[in-house]
Amino acid sequence: MAHWELTYRCNLECVHCYATKRRAPGELSLPEIKKILAQLAEANCLFLCFTGGEIFCRRDLMSILRAARERGFALRLLTNGTLLTEQLADELAVINPLSVEMSLYAMKPSVHDSITGVPGSHSKTVAAIRMCRERGIRTAVKTIFLKYNLGEYRALADFARATKSRFVFDYLLSPADDGRRPMDEHGLNEDEICQFLLKHSGPRAPAKKRADSSRPEGSEPICGLGCNTFAVTPCGDVLPCLAVRQSVGNLRSRSFKSIWTDSALDKIRDARYAALKDCMGCEYIEYCARCPGVALAECGNILGRSYTACRAARAAMRARKELNRRGN
Amino acid sequence: MNKTTNIDPGKAIPFKSEDSVFRIVDGEAVVVDVSGNMVSVINRVGTRIWELVDGSRTVREIAGLIAAEYNIAVQTALEDALGFLQELSRNELAVLRPAAHGGPGRKNEKKTNAAAPGSLPKGS
């Protein structure tokens, strides 16, 4: 699975965005993108997720998508949908992506628009989801829950069901590139996460993050980053994943194959739980959805402590204990 | 067999579905049905048949090539290739059309994984 950030330009100003300060003055051109698509196809990359910024800010987006489809990729598109038109939706239906996933934060327009910072954005996103569904394009409603939209869960879930969209949500924020911590200002605190889980996760949740409900072995890999995932930035840098913002090479000067087989990725690929000195003895580890990229942003080390993950794991364990107490 | 009941199935031409994308990894095809959001992994012999599906070869021609490559009887190869392609067709990863017909169409949905040919030798 590859994530490809086609641009950092965006027409919205979401309060929690981690990429608001990013600039990519030298975005890859369409011919460069086509060349890279050929390299990725040759490397047997199959799933490709285009994201931004806002991908529809690129006027050549449809040409990029057609080129990707011709190279046999299974495409996912992440967008806010506000720039989608009937004509673009028609073209999108022909391209037939796996899914078009749109950020929608509330069904109350005032709540959504206050998060995106752009009045009218709610109606455009809702219209875009409907435009896609009318054409048989598979859609997902993607929501991040913040302090401001906690009461919107049911309405969003109902809208997703009504439009036959998947409903994908999260409540964890990533630190911004410029060092800001939007989670502190806009994200849920531990109590709010716990209450959210109790209210919306159902009797079986919060499930332990590990399928076998056991503590990880030290020899287990901590993540698939650099193994079955990677990311490409608008100017062609290759990252081990979207969250780990450390370039391991640039596709303008090197082939994907030479970057992918470079030993620079081995250190990340070889990371094992045993190296998580701060985590292996933690009582919350079975509930922990630790992200190496967030840890890198928070403490400068992919193997270090992720305070965001700690907070969420504590909340999940508290919620589990409360559900156990209630007999669920 | 879908849409080919009145013709010699061996003369049908299989097409890969326009809704399928694939990569061949270590000799096995990983096929994604975009509409159904399903992933199928096809074994080596099935993958060879999948590779030979180019929208111009008939089932019989594909079976002939398989028979030669795997040193098996043509009739056996034909039966197995046909069975495999019909299963791909049921899973909407491929479309079987009469020889004079045009290219593949787009389908709506699919439900199950594809299997490999039954009596053909495993591996290559």
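Predicted model: local features only at pLDDT ≥ 70, side-chain atom pairs only at ≥ 80, totals over all residues.

Residues are numbered from 1 along each chain as its sequence is written, and chains are lettered from A and ligands numbered from 1 in the order in which they are written.

Me: Which strands are the edge strands of the open sheet of chain A?
Reply: The sheet has 8 strands in the order S6-S5-S4-S3-S2-S1-S7-S8, with mixed pairing; strands are DSSP runs (E, at least two residues), as helices are (H or I, at least four), numbered from the N terminus. Two strands pair if DSSP finds at least two bridges between them. Strands that pair on one side only are the edges, here S6 and S8 (238–239) of chain A.

Me: How many residues of strand S5 of chain A are buried?
Reply: A residue is buried if 20 or more other C-beta atoms, placed from the backbone, lie within 10 Å of its own, exposed if 12 or fewer, and partly exposed in between. On one side of S5(A), Thr139(A), Val141(A) and Thr143(A) are buried, and on the other Ala140(A), Lys142(A) and Ile144(A). For the strand, residues 139–144, the count is 6 of 6.

Me: Which residue is the bridge partner of Thr143(A) in S6(A)?
Reply: S5(A) pairs in the parallel sense with S4 (residues 99–103) of chain A over 4 bridges, and 5 bridges join S5(A) to the parallel strand S6 (residues 166–170). In the second, the partner of Thr143(A) is Phe169(A).

Me: Why do the buried residues of H2(A) line one face of the helix?
Reply: The buried residues of H2 (residues 61–70) of chain A are Leu61(A), Leu65(A), Ala68(A) and Arg69(A). An α-helix has 3.6 residues a turn, so residues three or four places apart point the same way. Seen down the axis of H2(A), the buried residues line one face because they fall within an arc, taken from the directions from the helix axis to the C-beta atoms, of 100 degrees.

Me: Which elements are included in what covers the buried residues of H2(A)?
Reply: Contact here requires the C-beta atoms of two residues, placed from the backbone, to lie within 7 Å. The covering elements of chain A include H1 (30–42), S2 (47–51), S3 (74–79) and H3 (86–95).

Me: Which residues does Arg252(A) touch, not counting residues up to four places away in sequence?
Reply: Arg252(A) lies in the loop between S8 and H9 (256–260) of chain A. Arg252(A) is partly exposed, with 13 other C-beta atoms within 10 Å. Beyond its sequence neighbours up to four places away, Arg252(A) touches Glu32(A) and Gly236(A).

Me: What pattern does chain B follow along the sequence?
Reply: Chain B has 3 helices and 5 strands. Of its 124 residues, 40% count as buried. Read along the sequence, the pattern is β-β-β-β-α-α-α-β.

Me: How many residues does the contact take from chain A and from chain B?
Reply: Residues are counted on each side of the contact separately. The numbers are 7 residues from chain A and 9 residues from chain B.
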